[in-house]
Every structure is written in C-alpha cells, then in structure tokens.
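Hi everyone, thanks for coming. Please have a look at the sequence and the structure on the screen, and then I'll walk you through a few spots.

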Amino acid sequence: MSRKVLLAGGSGLIGKNIYQLLTRFGYEPIILSRNEKLSERNDFIYWDPSKSYIKIDGQLNVRAIINLCGAGIAEKKWTDDRKKELVDSRIIPAHFIAELIKTEKIKTDVYLGSSAIGIYGDRPGTNACKESDEANGDTFLSKICIEWEKAQDNIPDTVRKVLVRTGIVLAEEGGALDQYRPLLNLRMAPYFGGGKPYMSWITIDDLSNMFLHGIESNISGTYNAVGDLPVNSKEFAKAFIRSQSKWAVSRSVPNFAVKLMLGEMSAVVLESQFVSNEKIKATGFDFKAKTIDEAFEQIKK
C-alpha cells in the first residue's frame, strides 16, 4: 500500500504541521504547489487548479489526499474582490481534485477535505452545534462553508471521504492568537461582543492528529474539529493571559469599534459557536488538550 499523501494547500500553518506529523509516522507527504520551481523537489508537485493543470506523468497512486486549500479568512479586509478570492480559492481546487480522481489521473483510498464551524452561523448560547444541524447560510462565513462543502460533494463515491469542520486553531506561531500577541506588549488581551460569543478552539497538534486519524481509521462523513470545552470570549482572553509570563488584563473591545475597524469581517470575532466534538470522539479519537488552559500550555512546548 502506498505511503504517499498529497497535501493541497500544504504550505500554510495547518499543512506544515500535518506534513511533519505524517513524516514522523512514516508517510511520504507531497505538497501540491503553485510554485513551479519547487516541483524540482521530490516532495512537491506543481499544479494550477485555475488552469486545470497538474504536472504528473501517467497515474499517481497515493494513500490519501488532504485538501486544505483556501485563502486566510481574517488576513485581509473583505472587499468584493477579497470575498471572491475567499470563495474561489476553496471551490476551484476542490472541483479540480474531484476531476483528477474521476479521470483516475490520481488514485487514492481516502479524501480528507476542509471546512469550518463557520457553517453553523451565529449561534448564541450553549446549545451545542452538531454535524447533523442544518447549515445556517445567513452570514458570509456560513455561505462560504456551504459552497465549500458543496464543491467537495463532487468527490467520487469510489473513495472514502472525510470532511473536517475546523474550529479556531491555536498554535505557537500563526493562527487565531496573532491578533492577541501584539496587544500583550500593551499589557492587555482583548475580548469581543461583551465577552458573550463562544469560541470553539482546537490546538494545531490535535487538528493534525485528527487528519491522521482520518487516514488510518475507517471513518467517513463530516466531523467537527474542536476541543472538549468551548469558552466565551472573555474566558479565552483570561486564559491567554494566564499562559503568558507577562502581567496583563483582559479588556472589552466595543462592538462598534470592532465593526469600524473590520467592517463585515467583524463576524470572525463577534459570531458565537458552541460546537460539539462528540461524533469524532465516538470513533476513538482522543484530544490531548482537554481545557483551554491545557491548550495554551501545550502550544508553548
């Protein structure tokens, strides 16, 4: 059986971590990259989904395909052009991968695709969002996720398919904490929406291990990738402070200020999602970080 795993979108935060994990477990990760110069390396293959092009001869046999493609949701302000980029960077690669599998240009045992808990929309309170819940569709974030998952419906039924709805990713560098770290020098950590929005988080290591679990187990279907205990925005800020060596206080950022600074993108920090992980745990997957404090401690190691 092939030990090769294709990583689409493998040069980002999550992809790099999964690449390292797969290597440790004896797999041969190969990154699909738009940088043609990198294709001279054995662990890179050049592709351009927008042109339906991939640089391979004959048929490529791999154990799994992991699709992490998608421009960063919170990296730039949501202009009309940026919104189009956020959608296209997810939809186009998904369609192309489906075509590569259908035409047997690539043969694989399993497809693991990305989505996000943003699909549930704004869900105030602690009524846990489950995979069986109807997608919201009322916000831009939820609409992106709905289109994202719909594009991945085209993956042929001949392969086992796992869809991972990712929560707020916590990592030592990069991820959601990038908006908190600079303010620590001002002795503060922000919280939003009056501290009420719930944040369903996951460490980068638990997320990577969940993708590995998807390869090595026989699971299929859609799974939420979040830790055991979501916390509200204020609790998150306080836990972040506790994990640091600097003295700081948690400060509320008024909604009007968030909306003034971020515009429509303010939904990223103002929408609330209390999300359940019971479905993936029922498959035997065990999260290393059980609480938000454990999560912050683990990402420092």
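**A walk through the model**

Let's start with R82, which is buried, at a relative accessible area of 5%; buried means under 20% relative accessible area, exposed over 50% and partly exposed in between, with a 1.4 Å probe and protein chains only. Before I go on, a word on the source: this is a predicted model, local features need pLDDT of at least 70, side-chain atom pairs count only at pLDDT 80 or more, and totals for chains, interfaces and linings use all residues. Residues are numbered from 1 along each chain as its sequence is written, and side-chain values use heavy atoms, with hydrogens and water left out.

Back to R82, then. This residue sits in helix α2, residues 80-102. When I say helix or strand, I mean DSSP runs numbered from the N terminus: H or I over at least four residues for helices, E over at least two for strands. What does the side chain of R82 find at 2.7 Å? A polar atom of that side chain lies 2.7 Å from the backbone oxygen of G72. A polar contact here is a pair of N or O atoms within 3.5 Å; within protein, one must be able to donate a hydrogen and the other to accept it, and residues adjacent in sequence count only if both atoms are side-chain atoms. Setting aside neighbours within four places in sequence, R82 is in contact with A71, G72, E75, K76 and K77, where contact means heavy atoms within 4.5 Å.

Staying with α2, let's look at its partner. The axes of α2 and helix α3 (residues 140-152) come within 8 Å and cross at roughly 15°. Those axes are lines fitted to C-alpha atoms, for helices over the stretch in contact, and angles run from 0 to 180 degrees between N-to-C directions. The two helices α2 and α3 are therefore roughly parallel to each other; angles under 35 degrees count as roughly parallel, over 145 as roughly antiparallel, 65 to 115 as roughly perpendicular, and the rest as oblique. From α2, the residues K83, L86, V87, R90, I91, A94 and H95 meet F140, I144, E147, W148, A151 and Q152 of α3.

On the α6 side the contact is made by F236, A239, F240 and R242, and on the α10 side by I292, D293 and F296. The buried residues of α6 are S233, F236, A237, A239, F240 and I241. At the N-terminal end, α6 is capped by N232, with a side-chain oxygen 3.1 Å from the backbone nitrogen of K234.

Now to the strands. Eight of them form an open sheet with mixed pairing, in the order β4-β3-β2-β1-β5-β6-β7-β12. At the edges are β4 (53-54) and β12 (221-225), each pairing on one side only; two strands pair if DSSP finds at least two bridges between them. Helix α1 (residues 13-24) packs on this sheet and touches β1 (4-8), β2 (28-33) and β5, and its direction makes about 175° with that of β1. Strands β5 (residues 60-67) and β6 (residues 106-116) pair in the parallel sense over seven bridges, and A64 stands opposite V110 in β6.

In strand β2 we find S33, which counts as buried at 11% relative accessibility. The side chain of S33 reaches the backbone nitrogen of N35 at 3.0 Å. Leaving out neighbours within four places in sequence, S33 is in contact with L38, F44, I45, Y46 and W47.

Five bridges join β9 to the parallel strand β14 (residues 249-253), with S252 in β14 as the bridge partner of Y191.

Last stop: R187, in the loop between α4 (181-184) and β9. R187 has a positive phi of about 65° although it is not a glycine, and it is partly exposed at 38% relative accessible area.
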